[in-house]
Amino acid sequence: PPPVSAAPASQDTPAPPIETQAGAIPSTYTAYSNDRQLSRITERRTASGSQQQGEYEFQGARLLRYRGAPLEGMGELNLAFDVRGTVVSARKDDAPASEAEINAIRNRASLLRSHALAQQATNVHAMQ
């Protein structure tokens with residue numbers, strides 16, 4: 001019999017970029033969906049006159065990973081969570097990330113996710 005191969009993984013489909021002032025932070029984000037489920041958001045923020053970037057990965061309503069600039073200050077923040085929301089790893093550059101940095105990203109992820117889902121629902125409703 002022919003060898004069995006796994007079905008190819010479906011690709012993330014980007015929505016049009018959205019400009020927002022969500023949380024009083026000017027930014028542009030792009031939401032990506034996989035099988036009509038929000039899978040990740042990429043964001044470009046303008047803070048203190050500089051551009052900062054971040055990427056949020058989701059499974060359902062849960063934030064699983066964040067990579068990018070912290071909301072305040074400089075550096076590279078890398079956060080990972082399990083499906084229950086427990087922090088698996090939290091690093092800022094070569095040191096542990098603070099609880100305040102982790103909570104700020106969780107809150108930002110929730111805000112952007114809610115905004116992206118509202119935009120998606122509005123677009124689906126407008127097409128019907």
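Student: Which residues is Ala116 in contact with, leaving aside its neighbours within four places in sequence?
Tutor: Tyr29, Ala31 and Ile41. Keep in mind that this is a predicted model.

Student: Where does Ala116 lie?
Tutor: In helix α1, which covers residues 99-127.

Student: Is Ala116 buried or exposed?
Tutor: Ala116 has a relative accessible area of 7%. Buried means under 20%, so Ala116 is buried.

Student: What about the largest nonpolar core: how many residues are in it?
Tutor: It has 21 residues. Those that touch the most other members include Tyr29, Ile41, Tyr56 and Ile105.

Student: Which element gives the most to this core?
Tutor: Helix α1, with five residues.

Student: Back to Ile105. What is Ile105 in contact with, again leaving aside neighbours within four places in sequence?
Tutor: Tyr56, Leu63, Tyr66, Ala69, Leu71, Leu77 and Leu79.

Student: New topic. How many aromatic pairs does the structure hold?
Tutor: One. Tyr56 and Tyr66 form it, with 4.8 Å centre to centre and 55 degrees between the planes. That pair is tilted.

Student: Where do the two partners sit?
Tutor: Tyr56 is in strand β5 and Tyr66 is in strand β6, 10 residues apart.

Student: And is Tyr66 buried or exposed?
Tutor: Tyr66 is buried, at 0% relative accessibility. Tyr56 is buried too, with a relative accessible area of 0%.

Student: Last one. What lies over the face of Tyr32?
Tutor: Arg40, at 3.8 Å from the ring centre.

Note on methods. Residues numbered from 1 in each chain as written. Predicted model: local features only at pLDDT ≥ 70, side-chain atom pairs only at ≥ 80, totals over all residues. Heavy atoms only, no water. Helix = DSSP H or I, 4+ residues; strand = E, 2+ residues; numbered from the N terminus. Buried < 20%, exposed > 50% of the residue type's maximum accessible area, 1.4 Å probe, protein only. Contact = heavy atoms within 4.5 Å. Core = buried A, V, L, I, M, F, W, Y, C linked by side-chain atoms within 4.5 Å. Phe/Tyr/Trp six-rings, centres within 6.5 Å; stacked < 30°, edge-to-face > 60°. Lys NZ or Arg CZ within 6 Å of the ring centre and 35° of its normal.
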